[in-house]
Every structure is written in structure tokens, then in C-alpha cells.
Amino acid sequence: MSMEGSSTCSSVRGELLHGNLDICVKKAKNLPNMDRLRVCKKNDTSDPFVTISIAGAKIGSTFVINNNENPVWMQHFCVPVAHTALEVKFVVKDSDQFGAKFIGEVGIPTEELCSGNRIEGLFPILNSSGKPYKKGSVLSLAIQYTPVEKMKIYQMGVGNECEGVPGTYFPLRKGGRVTLYQDAHVEDGTLPIVDLDGGMKYIHGKCWEDMADAIRQARRLIYITGWSVYHPVRLVRRNNDPTDGTLGDLLKERSKEGVRVLILVWNDPTSWSLPKYRKQGVMNTSDEETRHFFKNSSVQVIICPRSGGEGHHSFAKKNEVETIYTHHQKTVIVDADAPQGRRKIVGFVGGLDVCNGRFDTPNHPLFTTLKTLHKDDVHSPNFVPNAEDGPRQPWHDLHSKIDGPAAYDLLANFEQRWEKALKKQHRIWKHRSCSDDALLKIDMIPEIMGLSEASSTNNSDPESWHVQVFRSIDSTSVKGFPKDPKEDSARNLRCGKNILIDVSIHTAYVKAIRSAQHFIYIENQYFFGSSFNWCSHRDLGANNLIPMEIALKIASKIRAREKFAAYIVIPMWPEGDPTDMFLQSILYWQYKTMQMMYQTIYEALVEAELDDQYEPQDYLNFFCLGTREAADVTVSKHSSRSQPKKNVKPNAAQVQALKSRRFMIYVHSKGMVVDDEFVLIGSANINQRSLEGTRDTEIAMGGYQRHHSWAKKGSRPRGQIFGYRMSLWAEHIGFLEQCFEEPENMECARRVRHLSELNWRQYAAEEVTVMTSHLLKYPVQVDRTGKVSSLPGCKTFPDVGGKIIGHVLWAGMKPHHLEITL
């Protein structure tokens, strides 16, 4: 059965809880013995734990207490919510190696929570029939709801003088420097000048060149994490020619010179290596090739699987984690020059892996650099095995460099992951025996500054940054989390049965969106979530709050009659063949997310009696990036199409793309700018696998300049973050206009949307014309009532096919294969 869902539906019964739930699960009494019917050890009984859910979305879990019918948890939760529901459910379960068995549940009505009173007491545990499972079986708990509008922390703006994002593993670090990057490289003069406060000009960073310089200048350590690390990549490519040495050769050279070089890369379970044969994995990460290249060198490499851990998950969950999810962090950490002849730690973090296909510039060429800048580095997954014929897939990404105390948190993350990987040596493919003392103990090296000494600026410096590091990761991937899950709150970790989880990236997104006062600008490889508020498929499990938080932020601004706008840039389609079943599912989740957001905004317009003046797209717009190149004599002369290969023909999509001279610019970014005063950049996508903490491992930075904030300045800040956002818009639109300086204004929102609509028409047209403006309106139609539908005359993507609003086969229970798309 094909399910496209309805664009509108009746509202869910119940109350909207938008704020925080303060919960304490205390204890249970007189639980039944769920082991009595199983073959168990003598005196075995239930292993209870409690999950907390709202609108079908799990928002918390206690740890498991083994063999106890009267467990005492005394476990506290502070949970952000943006759900419409009748009740908050507390489900008591019996843990089992094959899953969990339902014991009973307690429901707390949301109507009572909205009173603001603290609800506390002993509540009978009811079975699926609504009757007590066992006489005297009760759950002791306390719960209180505080709405967003009553929480001062969200009313002061995102760049205020508070202590950063509360409730996270790493604290806010003050006194640093940050360099923001767009794409792997920006040539001088490529982008227009952006004026900043204090007579300064925004300087466009050269990410991979800076990274190469940092590696060359390191004296003590070079630590790299990646989803993929590819040794033949050339970081420096000058004069349109990639003649500089390769990353692999550079790392070998530095290691020979005494620098400790450690690489931690994800082990794709579908790749493997034998003495005379290596098999590339499904994800093409080249992990085995990297391992083999460094085999006889002093560079130490761990090819690290995404382990489900021992004793933490059910067998099914453990298998799911190890086969579906990845290590997705991307960091490069080095020591660098510091005052008085000492050294300090500097780190790069963001969305760019140092691997093939990532090097690109703001021009994003399709054909003109195939035999020069991108020679031997053409990435076109849609056109294998004729990728070198073009068009290449352009790559847009965001990255950053941290110089200051927060760089030491990047280092701590690497150390925690390396030590955990070493502990599992028997399950890790390594090129050599990685020594237990591979990690340098920097606190024993006086030459290297410690964290307390690392502040590179003082508070009075207008260019000083406050920076915080966030993660999605759990105790199966790091060493150093408390062994006892009862200690989760001490390090601001969340409990998931008997694992501890850092979900601070999600926490940071929610805090920043709730604190936004003017606008939100997002670039992300994926964008879907808040499925609990969709009109169908609510039980999908894509439960991150980000889409709903944005929609509710806009709705609140509409009711207050204040200016606000959100701009979201995503890829035209997920990387790969858009006709593929999995990609069609992702596109469908994206469509459902858009529909939910626009519907929420329209309902706010109706409530405020503004629906006759404004439409949802005056406040929220989705974009993608694309480009076209006219035929070029130079390209034709050098193109391998003039020397056809034997027995190899381009596929139909490539034939069309070669004719139309167009392709999307792949948005791999994972970043957000709020109010031109706060920036968040990392490896995490806006989907469930990146934000849940128990799936892909992720890392990000969030930061602001105190002297360039609305609170400090009293007007629009024009610091580095303003310059960065304007530079990104200049790259995408091709020029800058004065209205772009105030994105919250409807004049700006409508102007950007108009330009993007013109660009889409140029991209989709039969006539081939050169595109200098790359920002395209995402090709769906949104009417004044917020209904999202296919664009008339364009239901599928040009050249490559695939339904733009997606398609999913789902009848009855959720198909298990959909788990990989979340």
C-alpha cells in the first residue's frame, strides 16, 4: 500500500506541552515476577526499568535494576517537550537479553500538568486492560511542567551573558578564537567584501590549507577522527592544480619526525581485507585502504566499528547498532605555537571529512575542473562508472577551527574514544599493535599549556569567543563516563537502560531555537523529525524536536506580531539514486516534516487573524543548491568523452545531465546561525540517527562573541558570525543586497524566495544557460493554507528522476528496513 499521507488533518486531542518536564522516577513496589515462567536461575525475578513517553515518543529511561520487585531508582530527568498529547506515560518493563517485557504503565494527564502544579505520589501500575497488574503494585514519581514562556533562560537571546547551554557534558569555555569556513577552499577575491563592526572586514578562511599548515607546524601530536580518512587526498591545490603532496605522505613524514600521529576512523562492516585482496565497503569510506597504506609506518590507525557494547543492549538492538550506525565525527587536533615558546592545543571540527570528493570552492564547477583542480578526485555517485566524464557532484560544507580552551574538549573527546577503542582490541582491525601509551599525557609535558592556561584572549578583547563543545555519543563508544548509571546526572548524561548517553547536540539546538529572537538560518544534509506531531506515521520514531521547535517559535512570533523568519538549505535529494526505495523514504519523511511545520504556522496565522495578509512562506522557506555550465571548448578537448571507453556506456541519468549541463550542489553542511550572534557547526545531521546519541557518534561546536551580541550592543551585531552568514548568502545567491542584513524582515524573506524561484526556473529550463546564482527554491508547492504538494509540471527531479515529495510502502506495522532511513 502506497502512503503519501494527507496534507491536513484534524488536530490531535490533548494539550500542547511546549517547555520542560521536570521528572523524578523514585521507586516501584510489589512488581510481579516476570521470570517465573522462564527457565532461570534460582531466586531470579524481574529486572525492572521505566521508560517515559509522550505522544508515542520516548523521552527518558531509567537504568535497569536486576532481580528486584521493589526497585528504588530516585532518578531525575529534565526533558524538553514540544508534543501534543493526552498524557505522559511511564511504562514499567522487565529487561531481557532479547528485548523487554511489558509489566504495566502509569499515565499522568497533560491537562493536569498544564496547571503548573507539581504532581507527586504513588500511582497504581495498570496492565494493558487498564487494571492493576498485581495488588499493591505502584510507581512513585513526581512531575512538573514549565512552559517556554515562563523560562527566563529562553527570553534573553542566544548570545547573552549566561553560562552557555546548561545540562551538557562540556561547559562553556571563555577566551578563545574561532575561524569559520565555508567549503574546503575559498580563493581570494571570489566572494564580495563584508564590512564588520570596528572597521573590520570579514576574512574568508581556507579550510584545507589551514589544516595542512596546522599539520606541518605540529611538534607533538596530530590526532584525526573521521567517518572517512583517505590518504591520497591533496589538501592544498594552488593555481588550479592539485600538485601539493598527499595527506598520507604528509602524515607519514610528520610521524617520522617524531610527531605522534593517531587516526581513528569508522570501520564499515561491509568492507574487509585479505592478504592479497581488499573489498571496498558499501559506503566507499576506503577504511581498509587507509589501514593498509599506513601498515608499515609509525602512524597508528584504529579502524573502529560502531559497537553496540556488551551487556548494554538487547541482542536485537546491539545488532542494529553495529550494522546500521557509524562513527561520524570529523576532527583534526594538533599542537600549535603559543606565547613564550610553549605549545597549545588547536582543533578543527565540522562537516568535512578529509577524503575524496570533498574539495570544492564557492564556484562549485561541474565540468571545467575535471582535468585540473579535481583530477583524480571526481565524486559522482549517480554516474558510476563514468564519473570522470562529468558532471562531478559539487560539495558544499561548513567547518571551523577552535583556538582556546574548547579545543581541549575536542582533545578529551578523542582521548575518550581512543581509549575505548583500545579496550576492544580483539574486535578491531588494526594495521599494527597500537600501544597502550599511544596517547600523549599532555599534563606531563610542561611545554604544552594545560586547559587552565589556554585562554587565547581576555574578556575585554572584542574578538574573543565563548565556545562550547557538544556531542551525540554513548558509553559504548567512550571511556570515562561513570560506570554506575546512577551517576548520570553528575555529568549531565541521559540514561538508556544501562548505558549513559550524551545528547548535548540536540540540547544545544533546542536551546538556541527557543532563545532566537529574530531569525534562524540552517544548512543541513538532512532535515526531518518531530514525527510525533505528523498527521500520519506518528510512531515512526523520528522524534527529535528541531522541526517542531522552529515551527512553534515562528507561531509564537506571529501571535506576538513580531518579525521572524527561518531559512533552511538542504540538498535537492539525499546522495545517491533518488529513485532508490531508501532515498524515497527519506524524501517522504522530509515532506511530512515540511507539511507539519507549514500547517503549524498557518494555524497561528488563522489564530492571529493574519491569514488574509500573510502566508506561511513569509516566515519559513526551504531551499536547495544547483548549478549549470554551458558547453566549453576546453572541457570538450580534455573530456574523456572524446575517447570513449570500450564496453562502457553512461547511464540514462548521466546522458541527460551531460545534455542539460546541470546538477545539484550537494549540501553536506551541518550548521545553524541564529540572530547573527550564535553559530553551531558540527558533524550532526538533523535526523534521528545523528541526534539520539545511541546511533551515529557526532561532535559539534557552538559559539558566540560576547561583544557582538544583541544584549551587549543593543542593536544588530556585525561580528564574525554576521560576516560568515552574509558570506554564505553571497556564495549561494551570487551577490549581496542591503535587505539581506536583516533576514527577519518580510522584505528580505520575500526577496530571497523570489530570487530562488527565478533560479529554479533557470535550472529546470530546457535552454542551457550559465548559473551564477545557486540558491534554488526547493521544488515543492506550498499554498496559502500551508498545504505542501508536488510542483506543477515537476513531480520528479530533472535528469535523475525520483519523486520529489518521496514515497514509502507502509501497511500495518512499521517495516524494519525503514530504521536505516531515520
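These legends describe close-up views of a predicted model. Residues are numbered from 1 along each chain as its sequence is written. Local features need pLDDT of at least 70, side-chain atom pairs count only at pLDDT 80 or more, and totals for chains, interfaces and linings use all residues, while side-chain values use heavy atoms, without hydrogens and water.

**View A. Helix 7 packs with helix 8.** Helix 7 spans residues 504–515 and helix 8 spans residues 546–559 (helices are DSSP runs of H or I, at least four residues, numbered from the N terminus). Their axes lie 9 Å apart, at an angle of about 5° (axes are lines fitted to C-alpha atoms over the stretch in contact; angles run from 0 to 180 degrees between N-to-C directions). The two helices are therefore roughly parallel (angles under 35 degrees). Helix 7 contributes Tyr509, Val510, Ile513, Arg514 and Ser515 to the contact; helix 8 contributes Ile546, Glu549, Ile550 and Lys553 (contact means heavy atoms within 4.5 Å).

**View C. Strand 6 runs antiparallel to strand 7.** Phe90 has Val106 of strand 7 as its bridge partner.

**View D. Cys24 is buried.** Its relative accessible area is 12% (buried means under 20%, with a 1.4 Å probe and protein chains only). Cys794 is buried too, at 12%.

Technical notes
Buried means under 20% relative accessible area, exposed over 50%, partly exposed in between (1.4 Å probe, protein chains only). Angles under 35 degrees count as roughly parallel, over 145 as roughly antiparallel, 65 to 115 as roughly perpendicular and the rest as oblique. Two strands pair if DSSP finds at least two bridges between them.
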